[in-house]
Amino acid sequence: MELLRPSSADEATAALGNGSVPFAGGTELVPLLRDGLVHAETLVHITAAIPRGVDGSSIGAGTTLAELEADPQIPQALREACSLAASPQLRTMGTLGGNLLQATRCWYWRLGFDCWLHGGERCVAKDGAHREHAIFGNELCASAHPSDIAAALVALGATLRTTQRELPIADLYRLPTADNRDVTTLAADELILEIEVPAADASTYLKAMDRRKWAFPLVGVAVARRGDEVRIALAGVAPIPWTLDAAADLDAATPLPGTAYKVEIARALVRRALEGVGG
Ligand SMILES: Cc1cc2nc3c(=O)[nH]c(=O)nc-3n(C[C@H](O)[C@H](O)[C@H](O)COP(=O)(O)OP(=O)(O)OC[C@H]3O[C@@H](n4cnc5c(N)ncnc54)[C@H](O)[C@@H]3O)c2cc1C
Ligand code: SF4
């Protein structure tokens, strides 16, 4: 395997495509390579090629979660989402860009089952163990998006700048369809460079998890308020970060037999988060 260390985004982009893969902190990519879920002959180490650090409302995609959770310039929902994610060691290595692009934690997928998201015929989780799975958008794949940080950024109305375009963070994600099973809209040779996070009057992130530390969200609820406008986004409830217009949207959930409990958790967390931001 070849490891490239480009020093600019242009150089890194030129090295991408043809089966090469961007590599930042490696906390997600290395296990996927080890388990044969990602195949690459060339890794493009992008740490020196993409922005890192916080400059007002702009955050470099190479900024680590540990740097974000400690920075007072960062809105509260994003700081809380970072501090509740993973473990201190992982947050020290893991970058913002890599967190937004992490793959599903569905263990059928991680164990290489020939399930629908892997190109197979059906979602095996629906008939199998699915306690951690989705309550929305789960018709074809019932996986639950694992990123606390993505939900916080969706609620905050963040914008991404990539090597090819600017887009609202919500547009980074797509529900997989029969003809395209990708869950992001990022091209293979496209890098996330920066995330612009507008200030909010108040914001918060609440997370239900199996352990109080080092656990993915069963349900994560991010709420941001600007004046009378309140935005709500959830982690752990759909194959992508999920937006609600209001708490009442939870009535439209389509839980599986083993995930109905998540609807009740989401109701409680949304209510508490709205109270927390004065919404
Ligand atoms: C045990 C464990 C527990 C975890 N718990 C949580 C949790 O509770 N909540 C949570 O939100 N997350 C959790 N995570 C995820 C963790 O935060 C991510 O693994 C980490 O942030 C990924 O960042 P990285 O820099 O290591 O990414 P990498 O592993 O380097 O890359 C991940 C993916 O992103 C791509 N990539 C990386 N940067 C860019 C970029 N700038 N542009 C384009 N593509 C890019 C890579 O090609 C790869 O596909 C956990 C991870 C582990 C291993
Ligand atoms: S939830 Fe998605 S990833 Fe998991 S088994 Fe079903 S199709 Fe595969």
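Q: In which loop is G56 found?
A: The model discussed here is a predicted one. In it, G56 is found in the loop between β4 (54–55) and β5 (58–60).

Q: Why is G56 called partly exposed?
A: The relative accessibility of G56 is 38%. Buried means under 20% and exposed means over 50%, with partly exposed in between. The value of 38% lies between these limits, and therefore G56 counts as partly exposed.

Q: How far apart are G56 and E196 in sequence and in space?
A: Along the sequence, G56 and E196 are 140 residues apart. In space, the distance from C-alpha to C-alpha is 9.1 Å.

Q: Where is P176, and what makes P176 buried?
A: P176 is found in the loop between β7 (166–168) and β8 (192–196). P176 is buried because its relative accessible area is 8%, and buried means under 20%.

Q: What distance separates the C-alpha atoms of P176 and E28?
A: These C-alpha atoms are separated by 21 Å, and the two residues are 148 residues apart along the chain.

Q: Why is W214 called exposed?
A: W214 has a relative accessible area of 54%. Exposed means over 50%, so W214 is exposed. The place of W214 is in the loop between β9 (202–208) and β10 (219–226). Phi of W214 is near 55°, a positive value in a residue other than glycine.

Q: Is A86 buried, partly exposed or exposed, and what makes it so?
A: A86 has a relative accessibility of 28%. This value falls between 20% and 50%, and therefore A86 counts as partly exposed. A86 lies in the loop between α4 (76–83) and α5. Phi of A86 is near 50°, again a positive value in a residue other than glycine.

Q: How many residues surround ligand 1, and of which classes are they?
A: Ligand 1 is surrounded by 34 residues, and the closest are P22, T27, L29, T95 and D148. By class, the shell has 20 nonpolar, 10 polar and four charged residues. The elements that give two or more residues to this shell are β2 (21–23), α6 (96–100) and α9 (148–155).

Q: Why is T95 called buried?
A: T95 has a relative accessibility of 9%, which is under 20%, and therefore T95 counts as buried. T95 lies in the loop between α5 (88–93) and α6. The side chain of T95 reaches the backbone nitrogen of G98 at 3.1 Å.

Q: Why is α9 described as largely enclosed by the rest of the structure?
A: Eight of the eight residues of α9 are buried, so this helix is largely enclosed by the rest of the structure. Among the buried residues are D148, I149 and L153.

Q: Which residues come nearest to ligand 2, and what space does ligand 2 take?
A: Of the 13 residues around ligand 2, C106, C115, C123, C141 and S143 come nearest. The space taken by ligand 2 is the largest cavity. The elements that give two or more residues to the shell are α7 (107–110) and α8 (124–127). The shell divides into 11 nonpolar, two polar and no charged residues.

Q: What makes T104 buried?
A: T104 has a relative accessible area of 11%, which is under 20%, so T104 is buried. The place of T104 is in the loop between α6 and α7. The side chain of T104 reaches the backbone nitrogen of C106 at 2.9 Å.

Definitions and conventions:
Residues numbered from 1 in each chain as written. Chains lettered and ligands numbered in written order. Predicted model: local features only at pLDDT ≥ 70, side-chain atom pairs only at ≥ 80, totals over all residues. Heavy atoms only, no water. Near = heavy atom within 4 Å. Helix = DSSP H or I, 4+ residues; strand = E, 2+ residues; numbered from the N terminus. Nonpolar A, V, L, I, M, F, W, Y, C, P; charged D, E, K, R; others polar. 1 Å grid on protein atoms, 1.4 Å probe; cavity = no way out; pocket = protein on both sides within 12 Å on 5 of 7 lines; lining within 4 Å. Sits in = over half its atoms within 2 Å of the grid points. Buried < 20%, exposed > 50% of the residue type's maximum accessible area, 1.4 Å probe, protein only. Polar contact = N/O pair within 3.5 Å; in protein donor to acceptor, adjacent residues only side chain to side chain.
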